Amino acid sequence: MLRGVRSAWLLSLLLGLGCERGSSEPMRVASGQTSPAVSARAEPESAEPDAGPPETREQAAQRLARSLIILDGHIDVPYRLHEGRDRAGKLTENVLERTEGGDFDVPRARAGGLDAPFFSIYVPARYEKNGAKRFADELIDMVEGVVAASAGALVIANSPAQVRRLKAEGKLAILLGLENGSPVEGKLANVQHLFARNIRYITLAHSRDNHLSDSSYDQRRTHRGLSAFGEKVVAEMNRLGMLVDVSHLSDEAFFDVVRVSKAPVIASHSSCRHFTPDWQRNMSDDMIRALAKNGGVIQINFGSDFLDGELRLRNRKRGAELGALLAEKKLGPKDARAKPIVEAFWAKVDDRYSTLDKVVDHIDHVVKLVGVEHVGLGSDFDGVGDSLPVGLKDVSEYPNLLRALLERGYSEPDIEKICSGNVLRAWERAEAVAAEHR
Ligand SMILES: [Zn+2]
């Protein structure tokens with residue numbers, strides 16, 4: 001892993017690329033530094049006397065955002081684009097350019113130093129036994145169309161080695177994860193089909209139990225965990241080198257997965273239940289310990305609901321109040337006349353959003369529990385609506401998170417693990433398990 005990073009860095013030097021990506025970005029802050037990994041704990045005063053002005057935390061965060069690979073486990077932009085299509089089925093947003101709405105577009109990804117977003121191929125639960133595979137294929141086709149229109153700036157990647165190569169080339173590595181296993185449609189051949197289409201993780205279930213697994217949101221507990229076929233799907237994913245994603249699963253299904261899986265698993269967009277007691281969508285401490293034992297990674301979700309249980313309950317109450325207010329005026333939430341009322345309502349609330357610091361609290365919690373090798377980033381950008389913390393509103397704001405990690409005393413090698421190293425290690429291990437199968 002380290003060798004890969006170093007060779008990418010060397011390659012960029014040989015090719016004369018000042019930084020691996022966005023050579024138009026000013027790199028003054030890094031001039032005079034010979035090591036890519038200066039200790040974060042070093043005070044600015046301790047810099048070499050001839051190294052120019054001392055680097056501020058802000059500058060260090062910007063430098064890291066450019067030099068490290070930032071991999072995000074879950075960005076819901078495909079579904080956002082699909083939902084926004086016009087009547088003729090044409091896309092109404094071009095994420096290759098700056099978009100007005102949404103949390104992801106390529107210029108903002110560049111500004112934030114994002115290198116490898118997992119685009120979520122999200123298949124709503126209603127498609128179970130109702131055209132799920134066709135819908136997944138449609139979303140993948142759509143993403144392929146966006147990538148094809150990028151003139152090589154974006155590339156669909158399907159391995160850690162390719163992610164590293166693309167970083168060195170200054171290209172954005174688009175990774176594909178399937179959210180909801182419904183498209184498997186009862187056939188292992190469909191797992192192979194999805195793998196061939198570059199899907200590299202499957203979130204086994206979404207908001208309802210499906211034929212593979214129970215969901216944390218569904219009280220039926222259909223299989224009391226994984227179904228028998230779900231276990232076969234996990235084995236097939238291990239055989240192929242596809243990561244199993246445990247986000248959204250019930251606790252029983254999670255423990256089934258770590259029992260069955262021969263490869264590390266990920267939670268592509270879950271946070272710590274410690275901060276949201278009784279909410280099964282996040283992971284309990286016992287689950288995080290079991291995940292770590294399996295070699296896996298929990299990728300922290302940035303949505304306010306995921307970060308702060310008390311805030312989630314307060315906002316739920318406020319949402320009900322707002323709903324009643326609109327109902328009184330006989331307005332639906334999407335009515336044009338509702339907009340000023342909704343805006344005025346939230347303008348009076350000063351703690352609607354969680355904080356950047358809280359995201360770091362979640363990272364800290366995992367680190368204290370199981371070490372820094374098992375935590376990563378899974379923003380859920382474009383998937384959690386208007387609930388993102390101040391300072392982490394979109395893909396341009398990862399440097400704020402890096403600065404907050406530096407402020408908490410995280411070293412640069414540890415920040416590299418959190419930004420991508422841990423997930424790439426788990427993924428490489430999954431590839432190795434698949435190779436052992438052959
Ligand atoms: Zn989700």
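Colleague: How many helices and strands does the protein chain have, and what percentage of its residues count as buried?
Modeller: The coordinates come from a predicted model. In the protein chain, the secondary structure comprises 16 helices and 9 strands. Among contacts with a separation of 6 or more, 73% join residues 24 or more positions apart. The chain has 438 residues, and the share that counts as buried is 47%.

Colleague: With which residues is Ile121 in contact, leaving aside its neighbours within four places in sequence?
Modeller: Ile121 is among the core residues that touch the most other members. Once its neighbours within four places in sequence are left aside, its contacts are Pro78, Ala136, Leu139, Ile140, Leu176, Gly177, Leu178, Glu179 and Ile199.

Colleague: Is Tyr122 buried or exposed?
Modeller: Tyr122 is part of strand β2. Leaving aside neighbours within four places in sequence, Tyr122 is in contact with Asp76, Pro78, Tyr79, Glu179 and Asn180. The C-alpha atom of Tyr122 is separated by 9.1 Å from that of Phe135, 13 residues apart along the chain. Because 23 other C-beta atoms lie within 10 Å, and 20 or more are required, Tyr122 is buried.

Colleague: How do the residues of the contact of α7 with α8 divide into nonpolar, polar and charged?
Modeller: The crossing of α7 past α8 is right-handed. On the α7 side stand Leu188, Val191, Gln192 and Phe195, which meet Lys232, Val233, Glu236, Met237 and Leu240 in α8. The division is 6 nonpolar, 1 polar and 2 charged.

Colleague: How do the residues of the contact of α12 with α13 divide?
Modeller: Helix α12 (residues 309-328) and helix α13 (residues 338-347) pack at about 150 degrees, with axes 11 Å apart, and their crossing is right-handed. Leu322, Leu325 and Leu326 of α12 make the contact with Ala338, Ile341, Val342 and Phe345 of α13. The division is 7 nonpolar, no polar and no charged.

Colleague: Why do the buried residues of α10 lie on the same side of the helix?
Modeller: In helix α10 (residues 285-293), the buried residues are Met287, Ile288, Ala290 and Leu291. They pack against α9 (251-260), β7 (266-267), β8 (297-300) and α14 (356-370). They lie on the same side of α10 because the arc they cover around the axis is only 160 degrees.

Colleague: Which residue with a positive phi follows α10?
Modeller: The value of phi here is near 85 degrees. The residue that follows α10 with this positive phi is Gly295.

Colleague: Is Lys129 buried or exposed?
Modeller: Lys129 sits in the loop between β2 (114-122) and α5 (132-148). Its phi is positive, near 55 degrees, in a residue other than glycine. Because Lys129 has 11 C-beta neighbours inside 10 Å, and 12 or fewer is the criterion, it counts as exposed.

Colleague: Is Asp382 buried or exposed?
Modeller: Asp382 belongs to the loop between β9 (375-377) and α15 (398-407). Although not a glycine, Asp382 has a positive phi of about 65 degrees. With 24 other C-beta atoms within 10 Å, Asp382 is buried.

Colleague: How far apart in space are Asp394 and Asp105, C-alpha to C-alpha?
Modeller: Asp394 lies in the loop between β9 and α15 and is partly exposed, with 19 other C-beta atoms within 10 Å. Not counting residues up to four places away in sequence, Asp394 touches Asp103, Phe104, Arg108 and Phe381. Asp394 and Asp105 are 289 residues apart in sequence, and their C-alpha separation in space is 9.1 Å.

How values were computed:
Residues numbered from 1 in each chain as written. Predicted model: local features only at pLDDT ≥ 70, side-chain atom pairs only at ≥ 80, totals over all residues. Left-handed = near helix turned anticlockwise from the far one by under 90°. Helix = DSSP H or I, 4+ residues; strand = E, 2+ residues; numbered from the N terminus. Contact = placed C-beta atoms within 7 Å. Nonpolar A, V, L, I, M, F, W, Y, C, P; charged D, E, K, R; others polar. Core = buried A, V, L, I, M, F, W, Y, C linked by C-beta atoms within 7 Å. Arc of directions from axis to C-beta. Axes fitted to C-alpha atoms, helices over the stretch in contact; angles between N-to-C directions.
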